[in-house]
Amino acid sequence: MPILEIFSQGEEIVTGQTLDTNAAWLSEQAVQLGFTVARHTAVGDKLGDLVGLLKEIAGRADCCLCTGGLGPTSDDLTAEAVAEAFGLPLEFDEIAYRQIQSYFSNRKRPMPETNRKQALLPQGSTRLDNDWGTAPGFAVQAGHCWFAFMPGVPSEMCHIFLERVKSLLNERFILNPSRLVTIKTLGIGESDIQQRLGEVKMPERVQLGFRAGVDEVQTKLLFPADYPEKDMAALTADMTARLGDFVFGIDGLNEETGNLAAAVDKLMRDAGKTLAVIETASQGLLAAKCLGYAWLHSAAYEQSLSALGERLGVAVEMSDLAKTGALLAKALQNQNPADFVLIQLYDGSPAQFQNKDQTIILYNTLLNRESFQQIRHNLGGPAGRKQNQAALLGLDLLRRHLQNRKI
């Protein structure tokens, strides 16, 4: 497979002021296309460092995807560095200049003279039109390495890569894309996943990896392009079975699951059911994750349990929130035509909720016309994490019920 490197330019990257999400995103795209990603490198706004790195990469990689340094200010040095590194004098590109002018005129703004600099491109380079910003990208061949230079603004970079660079990569390189299968879980950590999968005999040609995110933990299987479909499905099924009810979706086989809310959306639409929810710890975030889903019949955030109890006609017992949750769910069901009602309560003071070193106890109660389910969780970490976990665990309770999974 061709060797590819990711090169990020900018003082804000190397000093940690900006998180380099571009490199991670580009790496995923490159691997899926069939490249071997060998290195990620970041350099600040020093011309000599940029020139030196460009020469190094040209001597060892087949392809390099570069981001940053294409802006109009004095610290944007990428085009100048390419010109010096590879002996390609900068030339004024009339088309690029007109595109930059149009960007400003379409927004009824005068174009600063400094933006003229962005139309200076290395001699013989291929212009990568930017319909989403002012900085055109460009591509050059240097030695046996093909470079594509894109803006550092993530939205612009993603558009240029997908609309301009990706097709050029497929034209210039013989690629055999690997197949990435991602098993998505909630409520289980990486170490527990590793332990459950410890006895799986991984084929030598398959790469196993893990990625812990805010909303899910992913178990990734990267299969070679020629890996048999039935063997791929069998290995995925074995690992999914070992992870059990924590699995809420699988991407890369027959369809893309998306996040937990998207998985629940499909289940609710297939079942033809509706939901009414009252949130406390998640503070409206559960409803926000389901924004636009027709099955969300009603949603409310209650900060005061006593006010909630008064509204639903239930005597709140702070000493027994499990019982209170059940009574509130029944009262809401009597007042609401939704198929499911979800009541979320938590035991803990506002100070405990805000304190990252203290935990709260979350009670999620799900009720429909035939069944009642309740589950308790201990939530720790900063307030934002508690809020997000409360929202996810409420959705996951609904997901497990719809899939007849263990609560």
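Colleague: Why is T324 called buried?
Modeller: The relative accessible area of T324 is 1%, and buried means under 20%, exposed over 50%, and partly exposed in between (1.4 Å probe, protein chains only). T324 therefore counts as buried. This is a predicted model, in which local features need pLDDT of at least 70, side-chain atom pairs count only at pLDDT 80 or more, and totals for chains, interfaces and linings use all residues. Residues are numbered from 1 along each chain as its sequence is written, and side-chain values use heavy atoms, with hydrogens and water left out.

Colleague: Where does T324 lie, and what does T324 touch beyond residues up to four places away in sequence?
Modeller: T324 is part of helix α12, residues 321-335; helices are DSSP runs of H or I with at least four residues, strands are runs of E with at least two, and both are numbered from the N terminus. T324 touches V316, E317 and L345, where contact means heavy atoms within 4.5 Å.

Colleague: What makes α2 roughly parallel to α6?
Modeller: The axes of α2 (residues 21-33) and α6 (residues 154-172) come within 12 Å and cross at roughly 25 degrees. That angle makes the pair roughly parallel, since the class takes angles under 35 degrees, with over 145 roughly antiparallel, 65 to 115 roughly perpendicular and the rest oblique. The crossing of α2 and α6 is right-handed.

Colleague: Which residues of α2 and α6 meet?
Modeller: From α2, the residues are T21, N22, W25, L26, Q29 and L33, and from α6 they are P154, M157, C158, F161, L162, K166, L169 and N170. By class, this contact has 9 nonpolar, 4 polar and 1 charged residues.

Colleague: Why is α3 called oblique to α4?
Modeller: Helix α3 (residues 47-60) and helix α4 (residues 78-86) have axes that cross at roughly 55 degrees and come within 9 Å. The angle of this pair therefore makes α3 oblique to α4. Their crossing is right-handed. L47, L50, V51, L54, K55 and A58 of α3 make the contact with E80, A81, V82, E84, A85 and F86 of α4. That contact has 9 nonpolar, no polar and 3 charged residues by class.

Colleague: How many helices and strands does the protein have, and what percentage of its residues count as buried?
Modeller: The protein has 14 helices and 17 strands, and 48% of its 407 residues count as buried. Its C-alpha trace spans about 80 × 55 × 40 Å along the principal axes. Of the contacts between residues at least 6 apart in sequence, 65% join residues at least 24 apart.

Key: Axes fitted to C-alpha atoms, helices over the stretch in contact; angles between N-to-C directions. Left-handed = near helix turned anticlockwise from the far one by under 90°. Nonpolar A, V, L, I, M, F, W, Y, C, P; charged D, E, K, R; others polar.
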